[in-house]
Amino acid sequence: MLLELHPPALATVSGNDIAQSDQEVMYIDAPSLKESTSLPDCHSPSTFAETTDLLEKVSPQKSICSEYTCTLTDTDTDHDELYMPSAESQTETENASDVEIEKSPLEQKKFVVFEKNLDELFVTCSTCAKPIVEQSKKCIGSMVVVETVCVDGHQNKWRSQPMIGEKIAGNLLLAGSILFSGNTFQNVNSLAQCLNLAFIGRSTFYDMQKVLFPVVDKAWKDHQVALLNETKESSKLDICGDGRCDSPGHCANYGTYTVMEENSSKILDFEVVQVTEVSSSNAMEAEG
């Protein structure tokens, strides 16, 4: 029995090709390995440990786990049959890989891409793979549009973001993230300017409120209905309320009156009152 060692970067060379190949193959006589009627299982702990010890004696600086792959050859023994997946299992695997669930723009991951790395994607034409001779980039808020022309005249346009209806997905999600997280546009915009990051403008942010405010209103109403239904099942309720103005003194423009269930500390309702709806700022709390 011979123990044949191959460095991982070298392909296996047959006996007829050894004389014509420059690749070095090492053959080591291993009489200590017992003859068997079948090829030893290299995955068994005992055989693997025995083979590893032998290799370490021959070349202590080479580890079988990292430097070499081990192949046992014996012309007098029967080789174990390799596992080959059936046609049915291969078909099931291919069908599972072909069926990909498309994620919504919100669920998809977003990445910060530098301009130089982006330009590396537009060296050749996506239609004919020939060199690109003209390239132009245009930013629409946080979205970049790249237009290219190759030597054969193929014109291609690539957008970095999908569309949600008629809105650019990234611009809409940025405006929603600022609003839903309780941040202000100015703070997040300052961050984008320090990073030199393509960002939406102030007018775009406030224009998106036409889409975002109805979403917030619906989410609150659905949540309130669930709270009231839960409250109806309680045997004891302690309802308390209080008002708060946007500024102290007699110059407040807005007042909010909030009603809370004290035992659960859950807000059941609130009302926003503008000073123009009442006689003075002092009357906003009572109105609320």
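The following legends describe an overview and two close-up views of a predicted model. Residues are numbered from 1 along each chain as its sequence is written, and side-chain values use heavy atoms, without hydrogens and water. Local features need pLDDT of at least 70 and side-chain atom pairs count only at pLDDT 80 or more, whereas totals for chains, interfaces and linings use all residues.

**View 1. The protein chain as a whole.** Eight helices and 11 strands make up the assigned elements of the protein chain; these are DSSP runs numbered from the N terminus, with helices (H or I) of at least four residues and strands (E) of at least two. Of its 288 residues, 22% count as buried, a term for under 20% relative accessible area, with exposed meaning over 50% and partly exposed in between (1.4 Å probe, protein chains only).

**View 2. A negative surface patch.** Asp269, Glu271, Glu277 and Glu287 form this patch. Asp and Glu count as negative, and the place of a charge is CG of Asp or CD of Glu. Glu271 belongs to strand E11, residues 266-274. Glu271 is classed as partly exposed because its relative accessibility is 41%.

**View 3. A nonpolar surface patch.** Val112, Phe114, Leu195 and Leu197 together have about 430 Å² of accessible area, calculated by the Shrake-Rupley method with a 1.4 Å probe, where only the protein chains shown count as cover for residues. Phe114 is located in the loop between helix H2 (87-98) and helix H3 (115-119). Phe114 counts as exposed because its relative accessible area is 59%.

Terms used: Patch = residues over 30% accessible without salt bridge, like charges linked within 9 Å, V, L, I, M, F, W, Y side chains within 5 Å. Salt bridge = Lys/Arg side-chain N within 4 Å of Asp/Glu carboxyl O.
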